[in-house]
Structures are given as structure tokens and as C-alpha cells.
Amino acid sequence: MLASQRQDRILADVRTLGAVRVADLVEQLDVSDMTIRRDIAELARAGLVRRVHGGAVATEGGPGGRPTDEPGFEAKRGQAQAEKHAIAAAAAAGIEPGQAIALSAGTTTYLLAELIAADSALRPLTVVTNAPRIADLLHHAPAGHGPLEVILTGGTRTPSDALVGPVAETALAGLRVDRAFLGVHGLDAEGITTPNLAEAATDRALAACATTTTVLADHTKWGVVGLARILPLDEVDVLLTDAQLPPGARAALSETVGELVVVTSAPAPSAAPAPAPPTRSSGSPSDGSHPTDTTPGDPR
């Protein structure tokens, strides 16, 4: 089991039970005491748990930590890697050449940008983003069949590497795109959230300029609540998540979002193959793309 998979398991147990003991985790995961302590230390550095004698507990403010906690990009990058890659691949499959899309800041949207940069068949394509990392990545993408135009909003930079504030929102107000892809800090039955008030407003502006809003949220985001709500669930057209999302969460989401798409994942590609293709319970799509397990919500 990879370190990221162990840490996901530990974090899930903390969120479910409120606390975990090192001795129990050693037995459940069949690793050494020192390995578990290192995993807990890594989660604590990311602000996801609080270390205590003999184990770890949920941070203040509930299972998702304090509503104002804002982990940086690198702190979030190592979590749920395989799931994030699978979600990004499913998002990329829905992009068509000639479209204009918007990408918010985030680790999963960055993975989506990597796929866009590598796939020249998606061009011509226009990408609007408030993430300097994403803009830089796409700017240096290899030449393809057509242009890859990148529009970077201005604004004030946040710890999660997003440009936010009035400058960004003014730039977005004058644009129209086909699809907006949003990464999120937290997800619950009330909607999608972030710890940063300014980032929430800018993400709303990203969604407002799009015909379709797609949220990319792996299972570790469920139950995490940030200070500021970005959107209520009934304003989310498509939500892409992974198969580890609890059944109760699936039921709650499928009743509210326009479409819930659950993807399966393989190990993240360091020395591993690409994410396993999703499966669709209602049959294969007619356009030849990978099938997807889709749970439709109420008609919108």
C-alpha cells in the first residue's frame, strides 16, 4: 500500500470516528509503528489531523478542520493521488476542440491541465484560469494541431495559489465559456466550500461565466466545510468524484446536483498505468469516449 493510500485511510477513519490509535492502525494496515507515526505527522503538517499521544484526532471545527484552515498547494497535492488522476481524466474526456473552458486553481484542476497540455487533439482550445501554475503549464505545452490560448486573470494570490479579488472578478465578468471546472476544498450536503472568502467569490465568478459548471471533488473532500460557500449543490451541473465516496454521500449528491459521475481509479502514474476507464451503468456513450458510472440528479 502506498503512503498516500495509507494516509487516505487514516484520514477517513479520523473523519468517521473522530480519533484513531497508532496501535489499531498498525494492526489494520500491517505496517510498523514508525510508518504510522510518519503518516500521522504528514497529515498533521497538512493541517488535516491533530497529533496526540498514541494517535491522532480531528482538528478543531469538526472532521474537516477549522473552517478557516487553508492548506497550500503542495500540502494538498499528495492526497488521493490516484482518485484525482481518474477524476481529471474523466473531465478531460468531456472537453471538445474549439471550446472555451475555465479552470479554477486546485490540485485536481492542475492534473486536468496536464492532460490538456499533453493532448494536442483537444485543440484549438481557449483556457481561462485564475491559477498561475496552470497558466504557466499550458503556456509551455508542446505545439499541437491548433492554437492553445491561455487567459490568466489578475488578482491577489492565495495560499492555494489562486488569483482572487475584484481584479479577477472584473476580468471574468466580461467572458463567456462553455464549461468551468472547479476544484474545491470541501463538499457536503449544503454545497461546495473554501476557507478563503475572496476565493469563493472568484470561483462563483468562474461558474457564472460558464454554460456548464463541473466540480472535481475526490472522496476526501466529503464532510469538509470551509468558511465560505462557493455554490449550493443545485447550481452544480456535473460533479465528478471517485468510488470511495460513501453511499450516503452519493445518495445525497445524486438528489441535488445535475449529474453525479463516479469514476474508478488505478494507482497514480508515477510508475503506474493511466487511471482505469470509468464504467457506465446505463450503457456506453455513443461518442466513443470512455464509459462512466453516472447517477443523474433531478431534471434541471
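This is a predicted model: local features need pLDDT of at least 70, side-chain atom pairs count only at pLDDT 80 or more; totals for chains, interfaces and linings use all residues.
1. Residues are numbered from 1 along each chain as its sequence is written, and side-chain values use heavy atoms, with hydrogens and water left out.

2. Start with the whole protein. It has 10 helices and 16 strands. Both are DSSP runs, numbered from the N terminus: helices are H or I with at least four residues, strands are E with at least two. Of the 300 residues, 50% count as buried. Buried means under 20% relative accessible area, with a 1.4 Å probe and protein chains only.

3. Now the contacts, meaning heavy atoms within 4.5 Å. Take those between residues at least 6 apart in sequence: 66% of them join residues at least 24 apart.

4. Look at helix H2 (residues 22-29) and helix H3 (residues 33-45). Their axes come within 9 Å and cross at roughly 110 degrees. That makes H2 roughly perpendicular to H3, a label for angles of 65 to 115 degrees. Axes are lines fitted to C-alpha atoms over the stretch in contact, and angles run from 0 to 180 degrees between N-to-C directions. H2 contributes Val-22, Leu-25, Val-26 and Leu-29 to the contact, and H3 contributes Asp-33, Ile-36, Arg-37 and Ile-40. By class, that is six nonpolar, no polar and two charged residues.

5. An α-helix has 3.6 residues a turn, so residues three or four places apart point the same way.

6. Compare helix H8 (residues 166-173) with helix H9 (residues 197-208). They pack at about 5 degrees, with axes 9 Å apart. H8 and H9 are therefore roughly parallel, as angles under 35 degrees count. Ala-168, Glu-169 and Leu-172 of H8 meet Ala-198, Ala-201, Thr-202, Ala-205 and Leu-206 of H9. Six of the contact residues are nonpolar, one is polar and one is charged.

7. Helix H5 (residues 81-92) has 12 residues. End to end, its C-alpha atoms reach 16 Å, close to the 16 Å expected at 1.5 Å a residue. The expected span is 1.5 Å times one less than the number of residues. In H5, 10 of the 12 residues are buried, so the rest of the structure largely encloses it. Among them are Glu-83, Lys-84 and His-85.

8. Helix H6 (residues 107-118) should span 16 Å, and its end C-alpha atoms are 17 Å apart, which agrees. Nine of its 12 residues are buried, so H6 too is largely enclosed. These include Tyr-110, Leu-111 and Ile-116.

Key: Angles under 35 degrees count as roughly parallel, over 145 as roughly antiparallel, 65 to 115 as roughly perpendicular and the rest as oblique. Ala, Val, Leu, Ile, Met, Phe, Trp, Tyr, Cys and Pro count as nonpolar, Asp, Glu, Lys and Arg as charged, and the others, Gly among them, as polar.
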